[in-house]
Amino acid sequence: MEIVDIVPDVLKNNVMITTIDGLFKWARSNSLWPLTSGLSCCAIEMMCAAAARFDLARFGYEVFRPSPRQADLFIVAGTLTWKMAPPLKRLYEQMPNPKYVIAMGSCANEGGPFADAYSVVPGVDKIIPVDVFIPGCPPRPEALIYGMLQLKEKIRHPEIIQKVKK
Amino acid sequence: MIKTETYQLSMGPVHPSTHGVLQVLLTLDGEKVVDSVPCMGYLHRGIEKLMEARTYFQCLPYTDRLDYVSAMNNNFSYCHAVEKLAAIDIPEKAQYLRVIMAELNRIASHMIFIGSLAVDIGATTGMIYPFRDRERILDIFNELCGARMTYSYIRIGGVRSDLSSAIVDMINKFLADLPSMLDEYNNLLTGNEIFQHRLKGTSLLSGEQARRLGITGPMLRASGIDYDLRKDNTYSSYDNFEFSVPLGKNGDNWDRYIVRVKEISESAKIIRQALDGIPDGQITAKVPKVLRPPKGEIYDTTEGPRGEVGYHIVSDGSAKPYRIHIRRPSFINLQALNILCKGYLVGDVVVAMSTIDPILGEVDC
């Protein structure tokens with residue numbers, strides 16, 4: 001017996017049926033709460049993305065939270081140094097599950113122009129797992145919005161990513 | 001018997017109002033600040049060291065990423081120093097273009113200051129307006145060199161490209177709209193009673209203290225000392241333009257805010273004069289493909305939006321600099337933090353930090 005058969009006839013045209021998992025994925029992907037944490041140059045573009053012109057609120061992602069305990073998206077915007085790495089990892093660990101990470105800009109991806117410096121971590125994926133990489137130095141706000149939309153797809157269809165892994 | 005004890009509070013390195021990754025160790029007595037120590041280095045990228053392994057041309061993009069909200073001014077300062085070292089003469093037209101772009105970027109930088117000050121005080125709406133207007137300037141730069149923040153437009157020997165008529169129109173339109181933008185900020189923020197209460201009479205810095213600490217830029221001028229390198233040590237073509245240097249009286253947060261707002265209209269004045277008087281001619285001087293400045297060293301300064309930007313370059317006659325030291329105004333201005341915070345409340349630390357206007361890329365270098 002399918003679930004559909006249990007639904008009374010009166011409600012059949014008014015009710016949508018899905019799994020709890022599907023509902024949660026849909027809800028999560030539409031309201032990401034990013035952590036207010038800028039490291040360097042890219043943070044200014046992140047602010048621009050939230051400001052009047054690019055208006056991140058159109059996608060429902062504008063609720064920037066200063067506390068990691070209330071956030072579920074970590075946008076690593078800027079150069080990560082070895083001195084900053086322990087606090088950054090701690091911030092990530094303080095975030096409740098499920099959590100996502102976007103590495104914004106060349107520096108966060110692989111060190112960027114500072115890749116050969118003694119004090120720079122060559123990519124945040126050495127420290128914490130990353131979901132979406134956004135290239136650019138710094139990426140334009142449009143690129144950040146596109147990256148967040150890609151993350152939305154990833155949250156809704158995790159099976160796509162798993163397929164690629166195999 | 002009742003006795004009180006001081007305690008330590010660590011603010012940062014991730015805090016919404018530290019403008020990046022700065023940690024401040026506060027020693028508090030109740031809510032009063034007894035001592036505040038800024039701990040830097042969370043964004044130390046080793047730019048000075050990286051420059052030693054690059055040619056003079058390859059060093060230029062790193063200056064963009066020092067003070068990333070006013071990259072033009074950093075490009076300008078670096079190129080000015082290298083040209084002085086290598087004795088390259090810059091065409092008059094390139095000088096004018098440089099001044100226009102540096103002043104436009106100064107306006108953009110001060111708009112970020114107004115926006116972030118508003119956010120730090122709690123007026124989130126106050127951030128939206130300056131950021132909206134800053135996009136107009138970024139559009140001009142985007143049209144000019146294709147980048148929104150890291151331009152590398154001012155090159156050694158001149159500038160990258162000439163002004164097209166579309167860009168001149170954009171600048172003229174922006175200058176025409178600027179007074180109404182400033183009116184909007186004044187209605188929204190400057191006239192606001194809560195805003196005034198937070199800023200007036202807090203975090204005093206006397207002129208004498210400021211001079212002893214080596215503070216420069218709008219922060220020094222807010223304390224009443226008339227020192228602006230554009231006038232006092234004229235470089236490029238600044239001596240051709242009429243403009244005044246706004247000064248403060250008390251050196252409190254309010255003065256530091258007002259001085260910067262006034263500087264916006266002064267910069268607009270310079271841009272207008274420069275646009276009217278652009279001479280004909282080349283936009284770049286002849287520069288060899290591999291630049292080998294003669295053996296020697298130079299220290300050269302220009303006026304950035306945050307103060308005196310200085311480059312000390314030591315050349316050993318090869319294509320790469322032997323050593324570059326950068327005098328970053330934010331780094332030196334940040335020394336005043338303890339004086340600005342001592343004896344005030346925790347809430348005032350946020351305001352003081354905001355009116356120092358440090359850019360952490362520049363502080364840590």
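**Two chains and how they meet**

Let's start with a record. UniProt lists residues 120–294 of chain B as "domain: NADH-quinone oxidoreductase subunit D", in an unreviewed entry. UniProt positions are given here in the numbering used for this model, feature names are shortened, and annotations may be inferred rather than shown by experiment. Over residues 120–294, chain B is 55% helix and 2% strand. The end C-alpha atoms of that stretch are 48 Å apart. Helices (H or I, at least four residues) and strands (E, at least two) are DSSP runs, numbered from the N terminus.

Some ground rules. This is a predicted model: local features need pLDDT of at least 70, side-chain atom pairs count only at pLDDT 80 or more, and totals for chains, interfaces and linings use all residues. Residues are numbered from 1 along each chain as its sequence is written, while chains are lettered from A and ligands numbered from 1 in the order in which they are written.

Now chain A. It has seven helices and three strands. From the N terminus on, the order is α-α-α-β-α-β-α-β-α-α. Its C-alpha atoms fill a box of roughly 70 × 40 × 30 Å, taken along the principal axes. Of its 166 residues, 37% count as buried. Buried means 20 or more other C-beta atoms within 10 Å of the residue's own; exposed means 12 or fewer; partly exposed is in between; the C-beta atoms are placed from the backbone.

What about contacts inside chain A? Take those between residues at least 6 apart in sequence: 77% join residues at least 24 apart. Two residues are in contact if their C-beta atoms, placed from the backbone, lie within 7 Å.

An unreviewed entry lists residues 41–150 of chain A as "domain: NADH:ubiquinone oxidoreductase-like 20kDa subunit". That stretch of chain A is 32% helix and 12% strand. Its end C-alpha atoms are 22 Å apart.

Next, the interface. How many residues of chain A are in contact with chain B? The count is 30 residues of chain A, against 28 residues of chain B. On the chain A side, the elements giving two or more residues are helix H3 (41–50) and helix H4 (85–94). H3(A) gives the largest share, six residues. By class, the chain A side has 19 nonpolar, seven polar and four charged residues. Nonpolar covers Ala, Val, Leu, Ile, Met, Phe, Trp, Tyr, Cys and Pro; charged covers Asp, Glu, Lys and Arg; the others, Gly among them, are polar.

Is it buried or exposed? B:Val69 counts as buried, because it has 24 C-beta neighbours inside 10 Å. Leaving out residues up to four places away in sequence, B:Val69 touches A:Ile44, B:Ala108, B:Ser109, B:Ile112 and B:Ile359.

**Sheets and helices of chain B**

Start with the sheet S6-S7-S8 of chain B. It is open, has three strands in that order, and pairs antiparallel. The edge strands are S6 (296–304) and S8 (323–327) of chain B, each pairing on one side only. Strands pair if DSSP finds at least two bridges between them. The twist averages 15 degrees from one strand to the next. Helix H3 (residues 71–86) of chain B packs on this sheet, touching S6 and S7 of chain B. Its direction makes about 150 degrees with that of S6(B). Axes here are lines fitted to C-alpha atoms, for helices over the stretch in contact, and angles run from 0 to 180 degrees between N-to-C directions.

Nine bridges join S6(B) to strand S7 (residues 307–315) of chain B. Among the pairs, B:Ile298 has B:Ile313 in S7(B) as its bridge partner.

A second open sheet of chain B has three strands, S1-S2-S3, also antiparallel. S1(B) and strand S2 (residues 23–29) of chain B pair over five bridges.

Last, two helices. B:Pro179 lies in helix H6 (residues 165–190) of chain B. With 11 C-beta neighbours inside 10 Å, B:Pro179 counts as exposed. And just after H5(B), B:Gly146 takes a positive phi of about 85 degrees.
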